[in-house]
Amino acid sequence: ILYVLDLRPYQAAVEQAKANVAQSEADLEFARKQVALLQAEANLAAAQANLVKEQQDYDRLTPLVEQEAASKQDLDAATAALRAGEATVRASQANVDQIRLQTQTQIESTAAKADAQRAALRTATLNLDYATIRAPISGLIGDTLVPVGGLVTATAQQPLTTIVPLDPIWVRFKAT
């Protein structure tokens, strides 16, 4: 290790990225539970059950009205209830389809967000690793060319220091 930059901002960025990943994964898990879709499907099932009962009431009253054993008004009410039940089933089915589409979109969007947060965590971890500057070769290090507290960037023109490799060492002797 040659130099260690101030690690605190990089460590904070890693912790922030970890928290963002955890939040995104929790959001994804919630989206996958499809609670709203389950509720919409339950409402559809209830509407379908009501429609069956309304159809049965209509079917029972129709022959009775023909035999004049029930009033036409009861049949009209059963017919209206049947039509309303059919409309309720269609509306509930449309609601289920819409919520299914919304849920799928939410899952895909949240999954993409979780992937982006994981990538941000990898970037933050990489930046933390880069805050510790290691010698790429072994050898003799020269003077530090940047003073303590000086600004260091990845694209700086001036190197931090120079390293002279010691293995192998080439020596030239002048023959006399």
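Ground rules to start. The model is predicted, so local features need pLDDT of at least 70 and side-chain atom pairs count only at pLDDT 80 or more, while totals for chains, interfaces and linings use all residues. Residues are numbered from 1 along each chain as its sequence is written, and side-chain values use heavy atoms, with hydrogens and water left out.

Salt bridges, then. By salt bridge I mean a side-chain nitrogen of Lys or Arg within 4 Å of a carboxyl oxygen of Asp or Glu. Side chains of opposite charge can pair when their charged atoms come close. Searching the whole structure gives eleven salt bridges.

Start with D6. Where does D6 lie? D6 sits in the loop between β1 (3–4) and α1. Helices here are DSSP runs of H or I, at least four residues, and strands are runs of E, at least two, numbered from the N terminus. D6 forms a salt bridge with R8, with 2.8 Å between the closest N and O atoms. The side chains of D6 and R8 are also joined by a polar contact of 2.8 Å. That term means a pair of N or O atoms within 3.5 Å; within protein, one must be able to donate a hydrogen and the other to accept it, and residues adjacent in sequence count only if both atoms are side-chain atoms.

Buried or exposed? D6 is partly exposed, because its relative accessibility is 40%. R8 is exposed, at 61%. One more point on D6. In sequence, D6 and G149 are 143 residues apart; in space, they are 9.9 Å apart, C-alpha to C-alpha.

R118 is partly exposed, with a relative accessible area of 27%. E25 is partly exposed too, at 36%.

Why about one helical turn between D57 and K53? Because D57 and K53 are four residues apart in helix α2 (residues 35–66). D57 is partly exposed at 25% relative accessible area. K53 is partly exposed at 46%. Then there is a network. Salt bridges with shared partners join E25, D115 and R118 into one.

On to the core. A nonpolar core is a set of buried Ala, Val, Leu, Ile, Met, Phe, Trp, Tyr and Cys residues joined through side-chain atoms within 4.5 Å. Which residues make up the largest nonpolar core? Nine in all: L37, A40, L44, A47, L51, L82, V89, V96 and I99. Helices α2 and α3 each supply at least two of the core residues. The largest share, five residues, comes from α2.

Look at A40. Leaving aside neighbours within four places in sequence, A40 is in contact (heavy atoms within 4.5 Å) with N95, V96 and I99. Now T103, in helix α3. T103 is buried, because its relative accessibility is 7%. Not counting residues up to four places away in sequence, T103 touches A31, Q34 and L37.

That brings in Q34. Q34 lies in the loop between α1 and α2. Its phi is near 55°, a positive value in a residue other than glycine. Most residues other than glycine have a negative phi. Q34 is partly exposed, at 26% relative accessibility. E68 also has a positive phi, near 60°. E68 is in the loop between α2 and α3. E68 is exposed, with a relative accessible area of 73%.

Last, the surface. L140, V164, L166, I169, V171 and F173 make a nonpolar surface patch of about 650 Å². Patches use residues with over 30% relative accessible area and no salt bridge; like charges are joined within 9 Å, nonpolar side chains (Val, Leu, Ile, Met, Phe, Trp, Tyr) within 5 Å. Accessible areas come from the Shrake-Rupley method with a 1.4 Å probe; for residues, only the protein chains shown count as cover. I169 is in the segment after β4 (163–164). I169 is exposed, at 55% relative accessibility.

Technical notes. Buried means under 20% relative accessible area, exposed over 50%, partly exposed in between (1.4 Å probe, protein chains only).
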